[in-house]
Amino acid sequence: LHDALPIFNETIALHLARLGSFGALDTFLGESGTPTPSSELLADLRLLHSILAELQRGSCASALDWVSSNAAVDPEGDLEFALRKDEFVRLLLASSDLSSSTDPLLPLPSTSYASPSTQAALAYGGHHFRPFHTPAREATIQALFTAPLYMPFSRLLASPYAALFEEYDASDGGKGGEELTAVMGMFTAAFLRRLGDRRAHV
């Protein structure tokens, strides 16, 4: 049992690092005398959690940069498409009240496509969605471009495209919550897969 303790402590240390609990990790290492995980591994995990924090705050830029530099982990483009879709939705909803508390049966506003946020989202989608036009994604892309017709946000949540936008509903936790969003989960899986591949070839 005594011989197994160092291995057990190293497992705890790696678990804390993967969770991004670096303060708790430092405390655990100091109190247990467990050797510090490799500096390269810690740097990679700090990068992962830095990017996840940016995604939580609403920025996909660093995640997209990472995907661009590690294209091998996303051969079908599913992760990049998810990030681009998330960015499109954020642009579309930039000036919206992200609450479903208002009347979902409001009349369609005549300025849905004229708002700056809608124009920014449509321009972004027109530029970035072109490489992702496949039969499997066509319905999603069409739904994203049609969704502005159902703005404001409360009405959008009662539209045929509600499923694309429900996680952004602030009145239901939504993007402001602590839990990983779907795109954050996809990014974490890809990052750890790439990290595992690199360590296997060291």
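The structure is a predicted model. The protein contains nine helices and zero strands. Of the 202 residues in the protein, 38% are buried. Among contacts with a separation of 6 or more, 66% join residues 24 or more positions apart.

Helix α1 covers residues 5-19. Its 15 residues, at 1.5 Å a residue, should span 21 Å. Four residues of α1 are buried: N9, A13, L16 and A17. They lie on the same side of α1, because they cover an arc of only 100° around the axis. On the other side of α1, I7 and F8 are exposed. The buried residues of α1 pack against α2 (22-32) and against α3. G20 follows α1 and has a positive phi, near 80°.

Helix α3, one of the packing partners of α1, spans residues 39-57 and includes D44. The relative accessibility of D44 is 11%. This value is under the 20% cut-off, so D44 counts as buried. D44 and L192 are separated by 148 residues in sequence. In space, the C-alpha atoms of D44 and L192 are 9.3 Å apart.

Definitions and conventions
Residues are numbered from 1 along each chain as its sequence is written. This is a predicted model: local features need pLDDT of at least 70, side-chain atom pairs count only at pLDDT 80 or more; totals for chains, interfaces and linings use all residues. Side-chain values use heavy atoms; hydrogens and water are left out. Helices (H or I, at least four residues) and strands (E, at least two) are DSSP runs, numbered from the N terminus. Buried means under 20% relative accessible area, exposed over 50%, partly exposed in between (1.4 Å probe, protein chains only). Contact means heavy atoms within 4.5 Å. The expected span of a helix is 1.5 Å times one less than its number of residues. The arc is that of the directions from the helix axis to the C-beta atoms.
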